[in-house]
Amino acid sequence: MGDRANFGIRQADGNTIFVYGHWAGDGMLAKFANALEHTQNVGRIDDPAYGTRIIISQLIGEDWSGELGWGITVNYLADNEHKVPVYDFALREVTLYDYYWKSGVLTNAIVTFSLNEFINKYAKTLMEV
């Protein structure tokens, strides 16, 4: 059992790093928007090296030392039960994708937001999360 979700971070070279959260599905778009907003607020949203690390750190939070719950893949998704948001550093956009579980790859793009549109729509204050 779980509430499996993946969050994508597309690099300038087209490779995508996915952060897998076994219990991350509940409120996942707010979690991703908050991570992106924090990365933007500290001035690293245009820096793929630092920005990627900060986004991942914000998603994983206090669970860094745990052996379970979170994983990281490149160019393929781990187990998944939700649509998949992907932030693209080059385009400064977040696209929400369908996921076809048998293939392990993203399929149709459902909707694309500018970075700020996504943050404004989904970010929550700590009191709301």
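Which residues does threonine 95 touch, not counting residues up to four places away in sequence? I found Val84, Pro85, Val86, Ala109, Val111 and Thr112, with contact taken as heavy atoms within 4.5 Å.

Some ground rules before going on. I am working with a predicted model, where local features need pLDDT of at least 70, side-chain atom pairs count only at pLDDT 80 or more, and totals for chains, interfaces and linings use all residues. Residues are numbered from 1 along each chain as its sequence is written, and side-chain values use heavy atoms, with hydrogens and water left out.

**Entry: threonine 95**

I placed threonine 95 in strand S5, residues 93-100. Helices (H or I, at least four residues) and strands (E, at least two) are DSSP runs, numbered from the N terminus. Threonine 95 counts as buried because its relative accessibility is 9%; buried means under 20% relative accessible area, exposed over 50%, and partly exposed in between (1.4 Å probe, protein chains only). I also noted that its side chain makes a polar contact with the side chain of threonine 112, at 2.9 Å. A polar contact here is a pair of N or O atoms within 3.5 Å; within protein, one must be able to donate a hydrogen and the other to accept it, and residues adjacent in sequence count only if both atoms are side-chain atoms.

**Entry: strand S2**

Next I checked S2 (residues 16-21): six of its six residues are buried, so the strand is largely enclosed by the rest of the structure. Thr16, Phe18 and Tyr20 point one way, while Ile17, Val19 and Gly21 point the other. S2 runs antiparallel to S1 (residues 5-10), joined by six bridges; strands pair if DSSP finds at least two bridges between them. Phenylalanine 7 has valine 19 as its bridge partner in S2. On S3 (residues 70-74), S2 pairs in the antiparallel sense over five bridges, and there threonine 73 partners phenylalanine 18.

**Entry: salt bridges**

My search of the whole structure gave six salt bridges, each a side-chain nitrogen of Lys or Arg within 4 Å of a carboxyl oxygen of Asp or Glu. Arginine 4 and glutamate 81 meet in one of them, at 3.1 Å from N to O. Arginine 4 lies in the segment before S1 and glutamate 81 in the loop between S3 and S4 (84-88), so the pair ties together parts 77 residues apart in sequence. Arginine 4 is buried at 13%, whereas glutamate 81 is partly exposed at 42%. Arg4, Asp79 and Glu81 are linked in a network of salt bridges.
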